[in-house]
Structures are given as C-alpha cells and as structure tokens.
Amino acid sequence: MIVTSTTRKSTAVIGLQWGDEGKGKIVDLLSSQASAVVRFQGGHNAGHTLVVEGVKTILHLIPSGILREGVMNVIGNGVVVSPDALRTELEVLESRGIPARSRLKVSTECPLVLSCHIALDHAREKKVGVTKIGTTGRGIGPAYEDKVARRAVRVGDVFDTQSCRERVAELYDYHNFVLTKYFGVDPVDVHATQEELAQFAELVRPLACDSVELLSNVNGTILFEGAQGSLLDVDFGTYPFVTSSNTIAGAAMTGAGASPFEIDEVIGVVKAYTTRVGAGPFPTELHDQDGESLAQRGQEFGSTTGRPRRCGWLDVQALRRVIQINGVSRLYLMKFDVLDTFKEVKICVDYENEITTGSATSYDPSCFGAVQPVYECLTGWEEDTTSIRSYVELPRNAKRYIERLQELLGVEITGISVGASRDAIVKSNQALT
Ligand code: GDP
Ligand code: IMO
Ligand code: MG
C-alpha cells in the first residue's frame, strides 16, 4: 500500500479533451519538483512531446520525467506495454545521451501488447470500413481485451521462458483462429513472438518492479501522468469512439496501486481550442478558414501517427462534466499562442438540439452531429504572446478571455502555455507548483 506521508504530495495530471492537450509539457515542467512520475494507463498510443532548449523528444510509453536526473519514472500496472516500443524508445533516448534505463521501472503486472493485438486492431478497423474508430493501430484495444479476459501475458510472465512459450502458443492459437476464420487475414507468427519475449526478458529484468512497493518508499511529490484525454475515457468519453482504458484521474488508483487517499490534487490540461484525431463526435469542429488556421498555427498533426488532427473551438460544455468527474482543482491552458492572430475567439457554452436519451447527461456523445454549439464570441487580442512570461503583460483581451473561461469553468487557470518549449509558460497570480 502507498502510505501517505507528510512529506509526500501526489498530483494527477490529466488531459481533459480528446488527447494531445500538452500533458507531456506540463508533466516535464512539474517534474522539476517531483521524485517520481508514473504512467497508469494507455500504452504507446500516446505521444507526449517535450521541447527543452530547442530539442524535441516524443515519448510514447516512458513517463515525461525521464529527462530529469533524480526522478524515478514508473510504468504502472495499468499500462499495456509493447516490448518492441519500449526497446525502441529506450534506444532512441540513450542514443541521445539520456540514461533512460537507470531512471525507469516497469511493473511486473503490466499486460503486454503483442503482434497478435496489432493484427487484430488493423483487421477490425479494416472490416468495419467507414464506421471505424480511427485507432492508432497500436493494438491497444485488443491488449486490454486480453487483460480483462484473463489471458494476457504480463511483464512478470516473461522470466519463465518455458511457461511463457506455452502461454503465447495458446494465446496465438486463439487469436489466429479469429484472424483467419473471422477476419479472413493472415495468421501471426507465434515463433517470432516467443523469440521476441525471450529477448525482452533480458531487457526488462533490471527494470521490473513491484510498483506499489516502489512508490510506497518515495518521499516527495509523485506525479501521475495521464495519457489520452477524458473524452476518450472508455466509460465517460464519446463511446464507442474512445480508447480502451479509463483515462480519468480515478484510473491512477487501479493503474498504479495508489489508494483513494493518495492523490492530493488533480491538475487538468486543456488546449485553448479543441482537437481530435480519429473518428467520432466533435460538436465544435470547424470546416472553415478558422479550422484551417488552428491546424496550421497549432501544427496539428498526431505525435504518434502523424495524422492531421481535426480542429474546433473550445467546448466548455464538455469540459464542465470532465472537470467534475476528475475533481480538477486547477488548469493549465495550453497552446494559447495559437489564438494570437484571431479577430474573434469563440467558446462553446451550451448545446442546442441536444438529444437526451438513456443516461441523459449534459454532454451526451450519442448526439453525434445533431447538437449545435451555442457560442460566446470574444474579441481577439491580435498580438504575439509567445515571449510573454508574466500575466500582467498579456494583452487586455487575452486576459479577458482567460478570466471569462475561468468564470465559465469555475476552476482556477494556474498557467498559460504560449509555446512548445519548457519555459514558454505564463504563471497566473497563484504560484505554479
Ligand atoms: P500530449 O499528448 O498531451 O502530451 O500532447 P502532444 O505532445 O501530443 O501535442 C501537443 C503539441 O503541442 C506538441 O507538439 C507540443 O510540442 C506542442 N505544444 C505544447 N504546448 C504548446 C503551446 O503552448 N504552444 C504551442 N504552439 N505548441 C505547444
Ligand atoms: P496522447 O496521450 C490523441 C485516439 C485515437 C482513436 C482512439 C482509439 O498523446 O494524448 P486507440 O489506438 O487508443 O485504440 O485509439 O483514441 N487516441 C488518441 N488521440 N492522443 C492520444 O494520446 C491518443 N491515444 C489514442 O486516435 O481516436
Ligand atoms: Mg499526444
């Protein structure tokens, strides 16, 4: 059990939209004050970008504290781990002189993402055609299915080579039946995976840990780093166009073995507008020049797949609900500089034509295209904010926008990000960390 001590403060950092809010930047920033950074869900479907002194690092599986000396990075049990992705990521970091292995631990309870999961992900998306989810194709959904079906091969299983071989053979027997007979595609190579896991055992042996035990000995701040976003949560997101894990703060408990009393604070990360990669409802999506400008100025291409991100205005109506679900106490407003050139900036404050069916909520994703966003229009600031570092220096209309947003959301905006780099941040009146 993780024992709450007076010296420890645990904070969850959670994306509140459809991912890519800028979580990596904020976790990297806050990790200067942290002892440990823990991923607790998702897998290498994530792409978290860190820009430090002009050098860009994109992390997929490894927590965003990895650039900091003295910070322990933990991949918690709730994460599905691709052996191949982990190896590649470690090699890339180490080739750049970052001693990643010495700063990383991996829970023995993490289920593995294997080639059968990737094949299933692709086969399923291909079969459904136009109604596809638009997954990252990384095998995440099928890997989580195996976890709850109680047939997953986990990190701790790879150390017993013989029994691991048998488990993989059984798993592939099952999935190859589905792949060939149901999806009509080629089977996956069981021997290749058996060999891969024998090698993976050597790589992961020094990293493997009981993350609960490890974290119980941490003094100082633990950051729980969310992946994806709350609107992609498998329960509360725009189901079925979601990812296959719980992405909300509550998942830190099951995904890292934290007790419900462990998390002292939940920080929300929100882009100043909205983006989405993949299919599914997006009430404030733009198909006009403003949408183009957001995409271009924000360089909105996926960090994992390179796909163009769909863009639209900020959706306060959707945010209110996820702020409640997560228990968000303060926010970082990201990519604020992207709005610098707009004459008018819009915020969706309500929906019209909302169909409230079944489990009626203020944000019912089953509405699909039916809802019409109701916008509040604010005058733009039309000034470059990228070199501003203090709140008072922000243009008057920029401050108006931020303060109005704070009022609409009922949560303090604690920092405003005005560029990709680590230092491009405007602190609001309250201290940042
Ligand atoms: P994450 O998945 O939430 O960590 O976010 P991503 O890394 O996928 O996407 C965020 C993108 O925006 C990355 O390319 C960041 O380098 C970039 N970024 C982060 N904050 C800012 C900002 O304030 N302004 C601008 N222009 N870019 C930012
Ligand atoms: P980060 O952590 C944005 C999206 C996919 C797809 C859906 C399901 O960088 O914010 P999956 O491969 O998870 O089964 O795909 O979820 N998705 C993301 N979108 N950022 C991410 O991660 C995402 N991870 C998954 O595009 O719509
Ligand atoms: Mg991302």
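Strand 14 (residues 344-352) and strand 15 run antiparallel and are held together by eight bridges. Strands pair here if DSSP finds at least two bridges between them, and helices (H or I, at least four residues) and strands (E, at least two) are DSSP runs numbered from the N terminus. This is a predicted model, in which local features need pLDDT of at least 70 and side-chain atom pairs count only at pLDDT 80 or more, while totals for chains, interfaces and linings use all residues. Residues are numbered from 1 along each chain as its sequence is written, chains are lettered from A and ligands numbered from 1 in the order in which they are written, and side-chain values use heavy atoms, with hydrogens and water left out.

Contact means heavy atoms within 4.5 Å, and axes are lines fitted to C-alpha atoms (for helices over the stretch in contact), with angles from 0 to 180 degrees between N-to-C directions.

Leu-319 is a residue to look at in helix 10. Leu-319 counts as buried, with 2% relative accessibility; the cut-offs are under 20% relative accessible area for buried, over 50% for exposed and partly exposed in between (1.4 Å probe, protein chains only). What does Leu-319 touch, leaving out residues up to four places away in sequence? Leu-16, Gln-17, Val-270, Leu-314 and Leu-409 are its contacts. Take Val-270: Leu-319 is 49 residues from it in sequence, yet the C-alpha to C-alpha distance is 8.8 Å.

| Strands | Direction | Bridges |
|---|---|---|
| strand 9 (residues 265-271) and strand 13 | parallel | five bridges |
| strand 13 and strand 16 | parallel | four bridges |
| strand 16 (residues 412-417) and strand 17 | antiparallel | three bridges |

You can pick out a bridge for each of these. Lys-271 has Met-334 in strand 13 as its bridge partner, Arg-330 is partnered by Glu-412 in strand 16, and Ser-417 by Ile-425 in strand 17.

Strand 13 deserves a look too. Five of the five residues of strand 13 (residues 330-334) are buried, so the strand is largely enclosed by the rest of the structure. Arg-330, Tyr-332 and Met-334 point one way, Leu-331 and Leu-333 the other, and all are buried.

## Helix 3 against helix 5

Two packed helices are described by the angle between their axes and the distance between the axes. For helix 3 (residues 115-128) and helix 5 (residues 161-182), the axes come within 11 Å and cross at roughly 20°. Helix 3 and helix 5 are therefore roughly parallel to each other; angles under 35 degrees count as roughly parallel, over 145 as roughly antiparallel, 65 to 115 as roughly perpendicular and the rest as oblique. Helix 3 passes helix 5 in a left-handed crossing, meaning the near helix is turned anticlockwise from the far one by less than a right angle (clockwise would be right-handed).

Which residues meet? On helix 3 they are Ser-115, Cys-116, His-117, Ala-119, Leu-120, Ala-123 and Lys-127, and on helix 5 Leu-171, Tyr-172, His-175, Val-178, Leu-179 and Tyr-182. Sorted by class, this contact has nine nonpolar, three polar and one charged residues. Ala, Val, Leu, Ile, Met, Phe, Trp, Tyr, Cys and Pro count as nonpolar, Asp, Glu, Lys and Arg as charged, and the others, Gly among them, as polar.

The peptide bond from Tyr-239 to Pro-240 is cis, with omega near 5°. Pro-240 is in the loop between strand 8 (221-225) and helix 8 (251-256).

Gln-299 has a positive phi, near 50°, in a residue other than glycine. Gln-299 is in the loop between helix 9 (289-297) and strand 11 (310-312), and counts as exposed at 57% relative accessibility.

Glu-382 is not a glycine either, and its phi is positive at about 45°. Glu-382 lies in the loop between strand 15 and helix 11 and is partly exposed, with a relative accessible area of 45%.
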